[in-house]
Structure formats: C-alpha cells, structure tokens
Amino acid sequence: VYAAKQDTDASRSQLVRILADELQAKRQERALLWLMAMNARICFLLVATSCTGEIGSVGDGAHEPPRGTVPDAVDCSDPPEHDVGRLRRLTRAELANSMNDIFGEDGDVMDRLPREPQVEFMYNSYEDLWFDTTFARGYLEASAEVASSAASRLESFFPCPWSERVDGCVRELVTSMGARLFRKPLGEESVERYVTLFESLDSDDSVNDRVATVLEAMLVSPDFLYRDETSRDGDVDESFRIASQLSYLIWASTPDEALLEQATLGRLVEPRVLRDQVERMLEHSFASRGFSQFIEYLFDVPRFREIQKNEFIYPDFDDELIDEMVEEIRALASSTFETEGGSLTDLMTANSWSAGPRLAELYGARRDSDGIVELDPGQRSGLLTTAGVLSFTSLPDKTRPVGRGYFVLSRLLCRELEIPPEAEIGLPEEGPDTEGLSVRERFALHIEREECAGCHQHIDPLGFGMENYDAIGRWRTHDDGLPIDATGTLVGTGTADGPFEGGVELAHRLAESRVFQDCFAERYVQYAMGRAVADRDVCGLGEVQENFIESNLSLRDLVMAVAVSDSFVKRSRAEEE
Amino acid sequence: VPTTKHYRRAFLRNTALMAIAAPFVRTLTAEAQVVEPCLVLLFHGNGHRRGQWASRRSDSDFDLGRIAAPLAPHRDKMILFRGLNHDAMKRSTWARTKHGKGSGIAFTGTAVTSEGWPTGPSVDQYIVSRGVRTRIPSIQLGAGVGDTNAYGRIVYAAEGRAIAPVQVPLEAYRTLFSGAVPSEGDAARRLLARRRSLLDFARRDVCDLDRALGVEDRRRLDAHCEAIREVERSLAEDLSSSTCEAPADLHGERANAGTYERVLDQHIALLTIALSCGMTRVGSLALGQAHGGLVSDAADAPTGSHHEASHHRSHVGGDEAYVRISEWYARRVAALLARLDAVATREDGTLLDHTLLVWGTDIADGEDHSEEDVPWAVFGGGSLGIRGGRMLDVSGRNANDLLISACHAMGLRDVETFGHADLCRGPLPLG
C-alpha cells in the first residue's frame with residue numbers, strides 16, 4: 001500500500017508541477033495569433049482510466065482508503081516507529097529569518113540563493129535540500145556579506161572592550177555567537193578551533209576583518225546550516241534537538257535565548273514544559289511569520305513571481321501588483337493567526353483584510369488609512385478569492401477552470417488524481433470549432449469526450465464555479481460579451497457536495513467541509529515533517545484532525561497539537577553504519 | 001515576471017569586483033590556453049519536424065534540410081545520424097508524455113523513474129567524476145528552462161541529483177569569475193589570504209570532522225564537502241595571469257521571448273571563454289527544455305508555444321512555426337561553432353577541433369513523440385579523432401553508444417558501456 005501511495009503521491013505532485021510549468025511556459029502571445037485548430041487527440045489534462053466511478057468512493061481495492069480516517073489495519077495502541085532523525089539543511093527562508101533574528105538585519109541577501117525544489121506543495125522537503133556547488137558559491141558570498149556587515153559594527157553588535165583585550169573578546173564572541181548560531185553550546189574543542197582560526201589570520205588585518213572571517217566560518221559550518229534531528233542520549237541533548245524543531249516549525253527560524261535556556265536545563269523532554277514553551281512561542285510575533293509560510297506554500301505564493309499575463313489584455317499586470325498579491329496573502333494569514341481564536345473558517349470566509357492600493361483598485365474596494373480593504377461579501381471570501389491565487393491558477397490570457405478546479409480538488413481536498421498513461425496536456429485553443437463559445441463552453445467540450453470525462457466531470461465543475469473572476473482575479477459578470485455562468489458542482493467533500501454558484505459560495509462550502517478541514521490539517525502535518533504523510537503518521541494525524549475540529553478549527557490549536565505530538569517531537573535512532 | 005532588484009545589486013557588485021580585478025585580467029586573445037579535449041552537451045526540447053532536418057544518400061552524400069541549413073558552414077565538422085534511437089525510453093514505465101522521459105534519458109542513457117528522474121549520472125558529470133583538474137569542474141548554462149520537474153533537467157551528478165543550469169548570464173559570469181580575486185595590491189592580497197583561510201577551515205570542518213551520521217546524512221555531507229573543495233580549488237588558481245575577459249553588458253534576468261536570443265548568445269560567449277581560458281573543459285547549454293514553450297521573438301515563428309507548435313499536424317500554422325523555431329536553434333548552435341572555430345590553440349586545430357559537441361533532443365518529432373530516429377548531431381572533435389562531413393546510418397543503435405564515444409573522445413577509452421549496458425554496442429564509428 002505504501003509503495004502504491006508513493007506512486008500516486010509522485011504523480012500528483014508531478015501534475016501540479018506540470019500544470020504550473022505549463023503556465024510558465026506559455027509565454028505572452030502575439031497580437032496576431034494564428035488560429036490553431038483543436039487537436040482532436042488532445043485531452044485536456046487527464047483521461048478516464050483512473051477516474052471512473054464516483055469521486056469520494058474509492059473502495060475498489062486499487063486505491064487506499066481516503067486519508068484522514070484511521071484504517072482498521074493500523075493499531076494505534078501500538079504506534080509505529082518514529083522518523084529516524086536526519087540532517088535537514090535550512091531553507092533560504094529559514095536562513096534569512098535566522099540571520100535576521102541573530103544579526104538583526106541582512107537576511108535578505110539569501111534571496112540570491114537558488115530556490116528549493118517544490119516537492120508536493122512544499123519547499124522544505126529535506127530529502128531534496130543539498131549544499132551543492134551552485135548553492136555553495138551563492139551562499140559563501142552571501143554569508144560573507146552578512147559576516148562583514150556585522151563585524152563592521154562590532155562595538156554595537158557584540159559589546160566588549162575590543163581595543164583592550166581582543167583575545168578575550170574573541171573567545172566570548174565565539175562562545176556566545178556559537179551557541180546562538182549552532183542552537184546549542186559549543187564544546188571546548190570547537191571554541192578553540194574558532195579562536196585558533198582568528199589567531200591564524202594576519203595580525204596586520206583589522207580586528208573587524210578577522211572577526212568577519214570567524215563569523216563567516218560559523219555561518220558556513222554544518223552546525224549552522226543543518227538542523228541535526230538525530231536522536232541523542234540525555235535530556236539536555238534531546239532538548240536542544242527539540243528546541244530547533246519547535247522554533248523552525250513555529251517561527252520558521254532559530255530558537256531564541258529563552259528556548260535555549262530551557263534546553264540547557266534539559267526540560268523540553270517534559271511534556272508540560274514543552275507545552276508551556278509552545279504556548280509562549282505562539283504568543284510571539286514570529287509565530288504568525290511561521291504560520292504564514294505554511295499558507296504561502298499551500299497557495300503557491302513562492303511561485304507568484306512566475307505569473308505571466310498577456311500584456312495586451314492585462315496591461316497593468318506587473319511586478320508591483322505581484323508584490324501586493326504576495327503581501328496580501330501574507331497579511332491575511334498573519335492577521336488571522338494573530339487574532340484570538342483565528343480559524344480556518346476565517347481564512348476562507350474573511351471579506352476584509354490588508355491589501356495594497358493596486359489590489360484595492362482591482363477589487364473595486366475602498367482602502368482605509370490602515371491599508372484595510374472592505375470587500376463586497378458577495379464577491380470575495382478569503383484566500384481562495386484573492387487575486388494572486390486566481391491569477392496563478394489562470395492562463396496568461398484567459399481563465400483556466402481546469403487549473404482552478406484541479407487546485408481545489410488536489411491541493412485543498414487532498415484528492416489523489418492519477419495521471420493516465422500517455423495523456424497529452426493541451427489547452428483548448430480558439431479555432432473554427434470554438435468560435436462564439438465562452439471559455440466555459442470551450443473547456444466543456446472535452447467533458448463530452450469519453451476518455452477525458454472520467455476525471456474532468458469532477459474537476460471542471462469546480463473550476464467553472466469560479467468563472468466570475470477573470471485571469472487576474474477581477475470580478476466579472478461578462479466575458480467577451482457573453483454573460484458568465486458561474487454555477488458549479490462541488491464533489492469529493494461528503495456532506496458539502498452539491499451545486500453552488502460563484503467563488504464565495506464555494507469558499508464557504510469548503511470551509512464547512514470536514515474533508516477540507518482534515519486535508520488542511522494533513523497539509524500542515526506534511527509541512528511540519530518536511531515530507532509526504534506516511535503510514536506511520538496515520539494515528540497521530542487522526543488525533544491532530546480530531547483536535548482541530550474540537551478546537552473550532554483554531555489555527556493556533558492546530559500548530560500546538562502538531563508541535564507537541566509524538567510523531568513531530570520524537571525521533572528514532574538511525575541504523576548504525 | 002522576475003525581479004530586477006537583486007540582479008541590479010549583483011551587477012553593481014560585479015562591476016566593483018571587475019574594477020579591482022581589472023589590472024590583472026588582461027584582454028582576450030584568440031589563443032586558447034588548453035589543448036586538452038573539451039565536451040559540450042547541447043539540448044533543445046520538442047525534437048524537429050521530420051523531413052526538414054537532413055536527408056541521406058550515403059555517408060558523405062547528404063542534403064541539409066531547412067532546419068540543418070544554418071549549420072552548412074560547419075558541414076565538414078559535423079556528423080548527422082540516421083536511425084539513432086532512445087530505447088531507454090521504452091523501459092521507462094512512467095506514464096506521462098515522452099518529453100518528460102526524454103530530458104532525463106538523453107545524456108544518461110538510463111530509464112527514468114515515475115517522476116522522470118534518470119537512474120544514473122549524465123555523461124558530462126561522469127567524465128567530471130573521473131577527474132578533471134580545472135578551476136571549475138563543469139559549467140551548466142541554459143535559458144527558457146523551468147525549475148520544477150525533470151523536463152528542465154538534462155545534467156545529473158548521480159541518480160536523483162539533478163544539476164540546475166545557470167539561466168542568467170550575469171550569474172554565469174559570477175560562477176566563472178567569482179573566485180577571481182586579484183592577487184596583487186595590499187588589500188586584495190589580504191582579502192585573498194583570509195578567504196583561503198576561511199575555505200581551508202570550512203573544508204576541514206565539513207570534510208574532516210568526525211560526526212556520527214547515518215548513511216544518508218553522510219552522503220549529504222560528502223556532497224557538501226565536495227562543493228566546498230570545488231570553490232576552494234577555484235580560489236587556489238587566481239586568474240591574474242590569464243587572458244580572459246567577460247563580454248560587456250551581461251543580461252541580469254532570465255530570458256523571455258524578447259531576450260531569449262540575447263541571453264543564449266551571451267551564454268555562448270561565456271561558454272567559449274570558459275573553455276578557451278581553461279576554466280573548465282566540460283559544459284552544457286540547454287536551449288529551452290523538454291515540452292518547453294518559450295519562443296524567441298527573433299525566431300519569427302507564428303505561435304505562442306514551441307510545444308504546441310510541435311503538434312504541427314493539428315495546429316494551423318504549427319508546421320511552419322515548428323520549423324522556424326528549429327531553424328532558430330540551429331542558428332544559435334552555428335553561432336557557438338563559429339566562435340569555437342575562431343579560437344586558435346597552441347597545437348594544430350581550433351578550439352572547435354579540440355571540443356566534441358553533442359546536440360541532443362528529447363523526442364524525434366513533436367507529432368508522434370517517437371523515440372526512434374532522433375535528430376541528434378555531433379560537431380567538432382577533429383583533433384580528437386572525429387571525422388566530420390558525414391551522415392551516418394546507425395540504424396538500431398542507441399544514443400548510449402554516442403555517449404560512449406563522448407567518453408572515448410575525452411580520453412576515457414576504458415568505457416565500454418554507458419547507461420544501461422544492454423542498450424550499448426560500443427562507440428559509434430565517428431572516426
């Protein structure tokens with residue numbers, strides 16, 4: 001079963017990538033477009049072989065049971081092994097946040113590093129993070145800048161009588177910065193190595209230059225670059241491991257001194273202390289930054305920069321607008337998270353949030369002096385109806401109901417859609433066959449084709465329901481002179497299934513759906529583990545999901561539940577080499 | 001839409017670096033430093049329109065079609081093939097389009113996984129792993145390449161270890177020149193000394209320190225160690241005595257339709273410099289990607305997407321667009337050949353004669369995605385025992401055999417198979 005799941009996971013993520021790639025690859029078309037006839041063999045996205053039957057009923061034996069319910073076969077009274085602790089290279093964002101939190105600035109130089117591959121929806125899949133040569137060259141240069149910037153303001157960065165007793169100050173700096181950067185105290189031997197490095201440098205070089213080199217050496221050390229989640233002996237060492245896991249989950253950054261203090265006392269192995277620390281961390285302003293990163297991953301925000309729009313149709317679409325789209329989702333996620341009791345329902349049904357002036361204009365909404373826009377509740381409802389999400393799931397020149405429907409079904413409802421053999425991905429182009437048809441009608445053509453209908457009868461009706469937003473997320477009632485038909489059908493959600501009209505109703509119906517709520521919790525568990533959900537997670541995941549429902553979908557309770565769960569906290573021993 | 005901000009900053013930094021380095025970086029001469037053999041892999045996605053590439057009567061009697069015509073000036077230094085296959089595709093069980101198989105298979109000769117990733121290294125990286133002593137082991141360049149799946153990856157260090165091409169010329173420049181710290185002048189000398197100390201420390205930190213690690217983590221740190229070593233090596237050899245100069249006005253963003261040609265041409269210039277200055281002797285250039293869409297404005301092709309045009313039968317105008325895009329790629333390749341051929345070496349022959357270029361693609365023709373009779377070509381290598389001016393009938397042979405030939409040209413004559421051994425029959429008769 002596990003192997004089969006890996007396969008479907010693989011193909012699912014593959015399809016998400018292909019979809020997104022296709023968007024990227026589609027460049028802006030010329031004003032003079034040669035009409036292209038429809039390719040009769042093209043089947044838009046998926047053919048039927050894997051999608052026969054009712055979505056939501058997968059009891060034909062070839063599929064595993066839907067995720068989120070504990071299958072009878074797993075005995076949760078005898079939980080399976082935990083993950084083997086591994087080295088996890090920090091992501092660009094984690095490096096940037098860590099440097100900002102430790103040095104107070106300069107984290108943005110990490111933007112220069114190569115972007116992590118997207119695996120599933122995530123960029124923190126540790127299996128795929130390497131320190132390769134391309135990364136090394138960029139990172140060495142960037143970390144040199146951070147180090148020399150800190151060293152150039154040495155007196156304020158690390159107050160110490162530098163001019164009187166350099167050697168003592170260096171030792172203090174190494175000890176203190178080392179503990180912060182490496183997220184655990186340095187052994188005596190390590191301190192000596194860095195002090196020796198300082199001493200080995202030409203004494204005619206300025207103290208600042210030499211300190212910069214020492215700081216740089218710390219920044220390029222594996223002790224900084226990797227989170228070592230290897231299970232250790234002793235409460236103190238285990239506590240340091242747990243401290244890093246907690247802080248990179250909750251804050252997307254390095255532990256603060258208070259957390260390290262608890263680790264020094266070896267107390268993070270105590271469930272009560274662990275819970276207290278998680279509560280404390282959730283109160284910190286960094287917590288919304290951490291949670292926002294998860295939401296950004298889930299809604300493909302790191303890829304918004306790739307969005308391209310036809311300059312003739314959308315002449316105002318530019319980088320500045322994309323920046324506002326990114327910032328909008330970040331702000332909506334953060335403010336919801338910071339609000340007492342902020343819930344998944346709020347993320348999906350809000351109609352007032354912080355957005356930039358360009359977006360306010362696009363939404364046709366007033367923007368107050370705090371930058372808050374009040375949106376028409378008949379037009380907007382939370383994350384799914386933000387301009388960024390609607391733009392990303394569209395083509396350069398028109399909407400793509402299939403893309404939007406696929407996003408909802410696979411990403412937000414955790415539906416596994418198999419990719420059929422040799423399917424050709426293509427788009428319904430304008431041509432003689434499609435003249436005078438709306439986008440909806442053009443796309444609908446392929447539902448009539450038997451080989452495509454299996455999946456598309458489920459995907460497309462979802463996307464059609466969002467046709468009242470154009471390819472950059474503007475509200476519309478007409479397309480090309482034709483009135484918009486935004487009726488759709490929701491499938492695969494159990495009780496929330498059925499016809500709906502428009503993105504607002506869809507968002508509300510999703511928010512009420514247990515399948516969506518469970519999927520959201522599952523996505524968070526994936527994000528926390530930095531890998532796809534595996535069989536050994538099933539019991540823990542079930543508990544997290546139950547807890548999430550009982551907490552009225554409170555976002556902070558979700559983070560809490562995962563952060564203190566055994567499968568997140570505990571690690572098994574690696575096999576000896 | 002890529003941001004320009006950080007590239008602009010990067011550019012300023014580069015300019016500053018070049019300014020201090022200027023006294024030590026002398027003007028480019030037309031003579032290459034190295035006469036060791038070089039290898040360049042070229043790749044474009046979506047194949048060529050069948051029937052428009054070239055046609056053969058005998059080995060030496062063949063006609064260049066519309067697509068291969070821009071290569072005519074180099075006819076004596078090229079070998080085309082008839083009947084070259086990609087049988088590794090047949091054993092890839094992955095149930096997606098053949099494009100996604102073809103990119104991973106092309107230079108590895110191995111079947112691909114369900115996600116399209118090949119199960120072995122590409123030939124260039126294999127050669128690198130056998131030992132090269134250049135400033136940079138290899139340089140990977142590309143444009144119009146996506147970052148999210150195997151369609152955009154042709155170079156692999158090992159199974160599961162794709163190497164992304166550098167897509168921005170300015171970044172390629174940084175890769176080539178970043179260690180080029182001037183070795184004269186007091187401040188510069190001090191900086192260089194400190195960087196050496198740092199890298200020496202960093203190398204020992206990751207390579208020598210004994211850490212209790214599992215097998216997987218050990219592999220990860222080994223790669224980390226190798227990366228540090230590589231940067232250290234590039235610093236060890238300063239460029240003060242070399243004769244290399246980068247082209248001016250390097251582009252600081254990824255290619256779009258308007259800049260695709262300029263970006264590729266700058267990559268071509270940088271690649272030529274990298275080889276002629278002996279910075280590396282292994283390189284690759286991805287001209288777009290498998291299933292790729294980007295079309296240069298300069299191709300004057302009436303389509304918005306290369307891939308869509310490649311389905312020429314079913315798209316009005318696709319046929320002509322498909323051919324024009326291929327012609328444009330052939331012109332880029334011809335430009336690279338011309339540049340390499342203009343560089344004299346200390347021995348007989350030009351840099352082109354000392355370089356073997358392999359131009360591959362994922363599929364034969366976009367209409368049928370066939371893995372048979374793929375329109376591949378090799379160029380150069382005259383001083384490496386390769387005899388051009390021919391179109392060889394290699395029916396039934398696989399591209400694996402061409403990869404073996406590449407190893408032999410690079411001096412690795414012990415290589416008997418590459419990729420799946422049972423797909424190999426030995427090197428192709430390129431001599």
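These notebook entries record what I looked up about the cysteines of this structure.

Basis. I worked from a predicted model, in which local features need pLDDT of at least 70, side-chain atom pairs count only at pLDDT 80 or more, and totals for chains, interfaces and linings use all residues. Residues are numbered from 1 along each chain as its sequence is written, chains are lettered from A and ligands numbered from 1 in the order in which they are written, and side-chain values use heavy atoms, with hydrogens and water left out.

Entry 1. The link is left-handed, with -90 degrees about the S-S bond. I took buried as under 20% relative accessible area, exposed as over 50% and partly exposed as in between (1.4 Å probe, protein chains only). Cys160(A) counts as buried at 10%, and Cys169(A) is buried at 0%.

Entry 2. I noted a disulfide between Cys414(A) and Cys519(A), with 2.0 Å between the sulfur atoms. This link is right-handed, at 80 degrees about the S-S bond. Both Cys414(A) and Cys519(A) are buried.

Entry 3. In chain B, Cys207(B) and Cys225(B) form a disulfide with their sulfur atoms 2.2 Å apart. I recorded it as right-handed because the torsion about the S-S bond is about 110 degrees. Both Cys207(B) and Cys225(B) are buried.

Entry 4. I then checked Cys407(B), whose sulfur is 9.9 Å from the closest cysteine sulfur, in Cys424(B), too far for a bond. Cys407(B) is buried, with a relative accessible area of 0%.

Definitions and conventions. Disulfide = S-S within 2.5 Å.
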